[in-house]
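Please read this report with the model open beside you. It starts with single residues and then widens to the whole chain.

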Amino acid sequence: MNDRQSDSGPPITNVHTAIYTFPTPDPEADGTLQWNATTAVTVTLEADGRTGLGWTYSSPAAAAIISHHLAGVARQHPAFRIAEAWEAMHRAGRNYGTKGLYLQAMSAMDIARWDLTARLREIPVSALAGGRCRDAVPIYGSGGFTTLTDRQLEDQVHLWRSIGATGMKIKVGEAWGTRPERDLQRVQRLRELAGPHADLMVDANGGYTIGQARRIGHALDDLGVTWFEEPVSSDNPDGLAVLRQTLRCDITAGEYAADLYDITALLLAVDCLQLDATRCGGYTGFLRGATLAASRNLDISAHCAPALHAPIATVVPNLRHIEFFADHARLEPELVDGAATAHDGHLHPHAAIGHGLTLATSAEHHRVGQ
Ligand SMILES: [Mg+2]
């Protein structure tokens, strides 16, 4: 039996990180944060002459965590030992905090290992994860930053309609919930642009108080909004749960969940659990989180990173959709080759070996470090 046929696989011989920064066309903001660029930290794992790629949208500090803390751990576990390596990386972070930045770095490592293992076995990651239950994955359009002009919002909605997305999400909670009238005006504008049959979705990024969110939520219900994301902070699951019992629209959260403890805290607070494989422990954490959500009859929705989520989302029975987030949808074709294309309201991931994504030569223009 050779390395590739064993259940351990060949040793990891190289771990390489890179940092890429993609400026946004204009400064952007949601209810509680402003930004003018997106940073992707990639990691490449090598074994037996093959490479696997993972990344996270994070701080350049994630690359330092990989170099200082995770690369050495990775080398101690042969390529196919995905679960064993996950546990070892998690334990190695005990004294630094096993959430946030550390888990983002770990997520990139885990995704790279899934890709590497699948490539060495010459199968898609979906086959490694048990096989597809769907070939195309529903998406919804997402962006609608509070900084957009009317014309820019119109352009985004036009793009979402052109790819067949029927769900469309904009940011509300502008300036920490201090401009509620403008929030509601922008939702009305979205309805005009999206048409009477679109699913209107909003994301307050935790910008409202509970009382505010209840009052605005009733107005959103009247406007036909079906999705109210993080009306209050996701660190306040009790607040989310109160709103879930009060409002007609779905209450959703989960994008910052790092582990099963975080997810468990949200299960009775949301109607749909959001999970981000680049933050919650990679494909391993994503699949475990989806299973936990299924135990409460909840759908999950993948947060951001559509290129990375599409291949693994094909295997999740309780998946509602993937967020086709404007910033990531724009940069991912520059970062990687092989991203699934969007049409008919779905992403259609190729049945490629691994996750099918490799660093694009165009990414080099955006590389700022390693
Ligand atoms: Mg959000």
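Ala 305 is buried, because 24 other C-beta atoms lie within 10 Å of its own. The cut-offs are simple: a residue is buried if 20 or more other C-beta atoms lie within 10 Å of its own, exposed if 12 or fewer, and partly exposed in between, with C-beta atoms placed from the backbone. Ala 305 sits in the loop between strand E10 (299-302) and helix H12 (306-313). Helices (H or I, at least four residues) and strands (E, at least two) are DSSP runs, numbered from the N terminus. The phi of Ala 305 is positive, about 45 degrees, although the residue is not a glycine. Most residues other than glycine have a negative phi.

This is a predicted model: local features need pLDDT of at least 70, side-chain atom pairs count only at pLDDT 80 or more, and totals for chains, interfaces and linings use all residues. Residues are numbered from 1 along each chain as its sequence is written.

Ala 175 also has a positive phi, near 50 degrees, and is not a glycine. Ala 175 belongs to helix H6 (residues 174-177). Ala 175 is partly exposed, because 13 other C-beta atoms lie within 10 Å.

Where does Ala 165 lie? Ala 165 is in the loop between helix H5 (150-162) and strand E5 (167-171). Glu 230 lies in another setting, the loop between strand E7 (225-229) and helix H9 (237-246). Arg 50 is part of strand E3.

Why does Ala 165 count as buried? Ala 165 has 26 other C-beta atoms within 10 Å, so it is buried. Glu 230 has 29 C-beta neighbours inside 10 Å, so Glu 230 counts as buried. Arg 50 has 20 such neighbours inside 10 Å and therefore counts as buried too.

Two residues are in contact if their C-beta atoms, placed from the backbone, lie within 7 Å. The contacts below leave aside neighbours within four places in sequence. Ala 165 is in contact with Ile 139, Tyr 140, Gly 141, Trp 160, Phe 324 and Gly 345. Glu 230 is in contact with Asp 203, Ala 204, Asn 205, Gly 206 and Ala 253. Arg 50 is in contact with Leu 116, Arg 119 and Leu 120.

Each of these residues can also be paired with another for a distance.

| Pair | Apart in sequence | C-alpha to C-alpha |
|---|---|---|
| Ala 165 and Ile 66 | 99 residues | 36 Å |
| Glu 230 and Leu 298 | 68 residues | 17 Å |
| Arg 50 and Ala 92 | 42 residues | 26 Å |

**A helix pair**

Two packed helices are described by the angle between their axes and the distance between the axes. Helix H1 (residues 61-75) and helix H2 (residues 82-92) pack at an angle of about 145 degrees, and their axes are 10 Å apart. Axes are lines fitted to C-alpha atoms, for helices over the stretch in contact, and angles run from 0 to 180 degrees between N-to-C directions. From H1, the residues His 69, Leu 70, Val 73 and Ala 74 meet Ala 85, Ala 88, Met 89 and Ala 92 of H2. The residues of this contact are seven nonpolar, one polar and no charged. Here Ala, Val, Leu, Ile, Met, Phe, Trp, Tyr, Cys and Pro count as nonpolar, Asp, Glu, Lys and Arg as charged, and the others, Gly among them, as polar.

**Two domains**

The domain assignment gives domain 1 (3-123) and domain 2 (128-361). Such bounds come from an automatic or database domain assignment. The domain centres, taken over C-alpha atoms, are 23 Å apart. Domain 1 gives 40 residues to the contact, and domain 2 gives 39 residues. On the side of domain 1 that touches domain 2, the elements giving two or more residues are strand E1 (14-29), strand E2 (34-47), strand E3 (50-57), H2 and helix H3 (100-121). H3 supplies the largest share of that side, 13 residues. That side of domain 1 divides into 19 nonpolar, 13 polar and eight charged residues.

**The whole chain**

How many helices and strands does the protein have? The secondary structure comes to 13 helices and 16 strands. The radius of gyration is 20 Å, close to the 21 Å that the globule rule gives for 370 residues, so the protein is as compact as a globular protein of that length. This radius is taken over C-alpha atoms, and the globule rule is 2.2 Å times the number of residues to the power 0.38. Of the 370 residues, 52% count as buried.
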